[in-house]
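Here is my note for your first read-through. Keep the structure open beside it and check each point as you go.

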Amino acid sequence: MSPPSTDPVSPAFLDALARGLGVTRVARVTGLDRTGVEVACAVRPGGHVLQVCNGKGLTYEAAARGALFETAELWAAETVRPERLRWGARAELERTGDTVWGVEALGSAGTVVVPRLAGPEVRLAWCEARTLDGGEPVWVPAQGVYCPPSGTVELGPVSVAWTTNGSGAHPEPEPALLHALLEATERDQLSRALPEGWSEEGVVGRMLRPESLEDGAPRTAALRDALRARGFRVYLFDVTPAPRTRGRVGLPVAAAVLVDADEGPVPLTAGYACAMDRDEALQKALLEAAQSRLTDIHGAREDVAAADREAALGFAQALSEVRPRRAVDAMPDAADRRAKTATAKVRTVLSLLDGAGFTQVAGIALDAPVPGLHVWKVVVPGMRVSELL
């Protein structure tokens, strides 16, 4: 999920970044749809994980930045300098007195899929991370951080399902880290709020009353109104875990479902987001839903499967029959007026994670394709990754 960035970045820097990434074109695909939400595609023919990355925003410039930053996250995961790796079994590293998190502790950064290849005596590649609360070194399995092309760098027996989750890129380090933390939180909290995916209970109990947006989320209300005028039905949800849910962080987590009233080729798409304040979370989720439509329409993402049209139409019908009860102001809001800088926001998120039981959080500053760009990957043991994404 690439953020709808609003930070100014010079065209010269973005051009240099595109060249460094191997991006041959940043295409404006907004006109392929009628939502009016700007969507850009960064085309990288030599990409290993993906050849096309999307970005969205209220302006084309924001969408293009988002597409390039998301591409940079993948470039950094694919690019492994051997000197950053340390080989050995977990037991070997622990005998030297180093702090080691095994594959079972990757959490937000990957899931163990072959346990017999992940034991303490199995030799594999490790990379050094730093705890975000004190900067202490900790060694984590490189398989949770990197995804190198075959024939380049080996990381050991494949035991982990790598994920892009918990990555962030930005010209400044703290916003990149903040994005990584919010993305990891979003996907974990969504798995706790909707553990079985969308259900009748989840839809009925979490749909937000449209009239409550005007005061509680005015930016989202404006975007909703614009989409309605273009022939779409908008449904917004508070998918923050319930107060007594184990692992509830307390940041607002939003979901948006965008339905084509004309029942066109893409009848329904969804988007999800976590942010510091509820209006931002809801707006980002709605932008994500609009981007998802264009992802289906332009068809250049090789990791996106065709949706079940009949199921989508059935879900759209079910949504139209719900009488929403929840108000926007029921969502948590962590937009502390004192936390105006990215550094302060990172501290706020780390404090909330600690209070939710995520006491171990580490980050790795990855290599970047050009000077002046920062790419982070976070590892949060105990976090989950929702299958809805």
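**Notes on the model**

1. **A loop residue, D277.** D277 sits in the loop that runs between β12 (268-274) and α8 (278-298). Keep in mind from here on that this is a predicted model. Is D277 buried or exposed? D277 has a relative accessible area of 16%. The limit for buried is under 20%, so D277 counts as buried.

2. **What the D277 side chain reaches.** Look for two backbone nitrogens. The side chain of D277 comes to 3.1 Å from the backbone nitrogen of D279. The D277 side chain also reaches the backbone nitrogen of E280, at 2.9 Å. Now set aside the neighbours within four places in sequence. D277 is then in contact with R219, P252, D333 and A335.

3. **Another loop residue, A242.** Find A242 in the loop between β10 (232-238) and β11 (253-260). The relative accessible area of A242 is 36%, so A242 is partly exposed. Which residues does A242 touch, not counting those up to four places away in sequence? They are R206 and R248. Now locate R81. A242 and R81 are 161 residues apart along the chain, and their C-alpha atoms are separated by 43 Å.

4. **A backbone angle at E263.** Check the loop between β11 and β12, where E263 lies. E263 is not a glycine, yet E263 has a positive phi of about 55°. Its relative accessible area is 48%, which makes E263 partly exposed.

5. **Three domains.** The domain assignment gives domain 1 as 11-80 and domain 3 as 194-330. Domain 2 is written in two pieces, 82-168 + 350-379. Take domain 1 and domain 3 next. Their C-alpha centres lie 24 Å apart. Domain 1 gives 20 residues to the contact, and domain 3 gives 22 residues.

6. **The area between domain 1 and domain 3.** About 1,800 Å² is buried between domain 1 and domain 3. Carbon and sulfur atoms give 59% of that area. Which three residues supply more than any other three of the area that domain 1 buries against domain 3? They are R34, T35 and K56, with 35%.

7. How many salt bridges are counted between domain 1 and domain 3? The count is 4. Now look at the pair R293 and D33. R293 forms a salt bridge with D33, and the closest N and O atoms are 2.8 Å apart. On the domain 1 side, β2 (38-43) and β3 (52-57) are the elements that give two or more residues. β3 provides the largest share of that side, 5 residues.

8. **β6 and its partners.** Follow strand β6 (residues 123-131). Strand β4 (residues 85-89) pairs with β6 in the antiparallel sense over 5 bridges. W87 has A125 in β6 as its bridge partner. β6 also pairs with strand β7 (residues 137-141), again antiparallel, over 5 bridges. Here C127 stands opposite V140 in β7. β6 and β7 form a hairpin, with 5 residues between the two strands. In its turn, G135 has a positive phi of about 75°.

9. **From β6 on to β13.** β6 runs antiparallel to β13, and 2 bridges join them. You can check both of these pairs on screen. R130 has G363 in β13 as its bridge partner. T131 stands opposite A362 in β13.

10. **β13 and β14.** β13 pairs with strand β14 (residues 374-379) in the antiparallel sense over 5 bridges. The bridge partner of L366 in β14 is V375. Why is strand β13 (residues 362-366) described as largely enclosed by the rest of the structure? Because 4 of its 5 residues are buried. As you step along a strand, remember a general point. In a regular strand, side chains alternate between the two faces of the sheet.

Terms used: Residues are numbered from 1 along each chain as its sequence is written. This is a predicted model: local features need pLDDT of at least 70, side-chain atom pairs count only at pLDDT 80 or more; totals for chains, interfaces and linings use all residues. Side-chain values use heavy atoms; hydrogens and water are left out. Buried means under 20% relative accessible area, exposed over 50%, partly exposed in between (1.4 Å probe, protein chains only). Two strands pair if DSSP finds at least two bridges between them. Domain bounds come from an automatic or database domain assignment. Contact means heavy atoms within 4.5 Å. Buried area is the accessible area (1.4 Å probe) that two parts lose on being put together, summed over both. A salt bridge is a side-chain nitrogen of Lys or Arg within 4 Å of a carboxyl oxygen of Asp or Glu. A polar contact is a pair of N or O atoms within 3.5 Å; within protein, one must be able to donate a hydrogen and the other to accept it, and residues adjacent in sequence count only if both atoms are side-chain atoms.
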